[in-house]
Amino acid sequence: MFATATRSMRRLGALLFSALALLPAGAADLTKIEQRWLQGAAPVLEFARQHKLPLDIIVQPNPLPGVAPLALAYIKGRCKLVLSMRGNPEAQATLERIEPELLDAALEMMAAHELGHCRRYVDGAWHGLPAGFSAPDASVVSPELRATYLGMRAARREEGYADLVGLAWIEQRRPREYARLYAWLRAERERDLLPGSHHDTLAWLDLSRSGVARGADSIFGAAQPMWTAGLAVED
């Protein structure tokens with residue numbers, strides 16, 4: 001029992017070290033909450049390193065009100081996992097909405113969600129549609145709102161894909177916790193929901209209640225068929 005615990009602690013330490021290695025020089029002075037998020041995300045960050053995804057970690061040093069604690073940007077061919085947690089009450093509030101025994105799994109799922117965004121950027125598919133699909137008809141929207149409407153639809157599709165990648169991670173790595181993590185994610189999406197908004201991914205969550213794609217070769221390959229199926233019913 002003690003030897004097993006020691007091996008687990010060593011593995012966790014190695015994963016966290018790999019996560020910290022992605023930080024820019026001089027940025028290792030992290031707050032406790034930043035360390036907690038990175039500790040939970042460490043297995044996903046190690047996965048990204050092993051699969052040679054161009055991922056860096058950016059820690060915002062100053063408060064940015066209203067910004068998501070964890071987000072992804074794409075700059076000059078590299079994905080940037082951005083932690084905006086200083087002076088951001090949502091960073092702690094998010095953790096408090098998760099059952100303690102599910103915390104690490106939920107942080108992994110959120111990090112895998114961002115990795116889904118990274119994959120789409122790297123593949124040159126961001127805001128793109130698969131063959132057979134076309135952009136929605138925006139003729140019913142006034143000309144001055146048309147670009148905003150289409151951008152919101154495109155962002156929602158990307159969020160739907162990323163949610164499926166996060167769920168695929170849980171299905172492949174923590175299958176016993178899938179139902180509970182699915183329920184948590186759905187509750188997050190339904191909280192303060194504005195139907196049709198950027199984070200209204202319920203069309204895809206409706207399809208993934210029982211799983212995403214068991215036996216797929218990767219979390220990205222698992223997400224793709226169900227994401228495509230959701231495109232047909234997202235309205």
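1. Some ground rules before we go on. This is a predicted model, in which local features need pLDDT of at least 70, side-chain atom pairs count only at pLDDT 80 or more, and totals for chains, interfaces and linings use all residues. Residues are numbered from 1 along each chain as its sequence is written, and side-chain values use heavy atoms, with hydrogens and water left out.

2. Now the overall plan. The protein chain has eight helices and three strands; these are DSSP runs numbered from the N terminus, with helices being H or I over at least four residues and strands being E over at least two. Followed along the sequence, their order is α-α-β-β-β-α-α-α-α-α-α. Of the 235 residues of the chain, 46% count as buried.

3. How does the chain fold back on itself? Contact here means heavy atoms within 4.5 Å. Among contacts between residues at least 6 apart in sequence, 69% join residues at least 24 apart. The accessible surface of the chain is about 12,300 Å², and 57% of that belongs to carbon and sulfur atoms; such areas come from the Shrake-Rupley method with a 1.4 Å probe, and for residues only the protein chains shown count as cover.

4. Back to Ala 222, which sits in helix α8 (residues 219–231). Setting aside neighbours within four places in sequence, Ala 222 is in contact with Ala 168, Gln 172, Val 212, Ala 213 and Ala 216. Leu 167 is 55 residues from Ala 222 in sequence, yet the two C-alpha atoms are 9.5 Å apart in space.

5. Which cysteines are joined by a disulfide? They are Cys 79 and Cys 118, with 2.1 Å from S to S. The definition asks for a pair of cysteine sulfur atoms within 2.5 Å, and by this rule the count is one. Cys 79 lies in strand β3 (residues 78–83) and Cys 118 in helix α4 (residues 103–122), so the pair ties together parts that are 39 residues apart in sequence. The link is right-handed, with 90 degrees about the S-S bond, and both Cys 79 and Cys 118 are buried.

6. Next, the spaces. On a 1 Å grid over the protein atoms alone, a cavity is a set of points where a 1.4 Å probe fits but cannot get out, while a pocket is an open set with protein on both sides within 12 Å along at least five of seven lines; lining residues have an atom within 4 Å of a point. Grid points are joined across faces, edges and corners, and a volume is the space filled by probe spheres set on the points.

7. The largest pocket holds about 920 Å³ of space. Of its 35 lining residues, Ala 68, Glu 159, Glu 188, Arg 189 and His 199 are the closest to its centre. Helix α5 gives the most to this lining, with six residues. The lining of the largest pocket divides into 16 nonpolar, nine polar and ten charged residues; Ala, Val, Leu, Ile, Met, Phe, Trp, Tyr, Cys and Pro count as nonpolar, Asp, Glu, Lys and Arg as charged, and the others, Gly among them, as polar.

8. What about enclosed space? A search of the whole structure finds one cavity of 30 Å³ or more, and the largest cavity holds about 50 Å³. Trp 37, Leu 38, Ala 41, Leu 70, Leu 81, Leu 83 and Leu 107 line the largest cavity, which makes seven nonpolar residues, no polar and no charged. The largest share of this lining, three residues, comes from α2.

9. Finally, a few loop residues to look up. Ser 197, in the loop between α6 and α7 (202–207), is buried at 16% relative accessible area. Beyond residues up to four places away in sequence, Ser 197 touches Met 152 and Arg 156. Asp 192 is in the loop between α6 and α7, but is exposed at 67%; its phi is positive, about 55 degrees, although it is not a glycine. His 127, in the loop between α4 and α5, also has a positive phi, near 65 degrees, and is partly exposed at 35%.

Definitions and conventions
Buried < 20%, exposed > 50% of the residue type's maximum accessible area, 1.4 Å probe, protein only.
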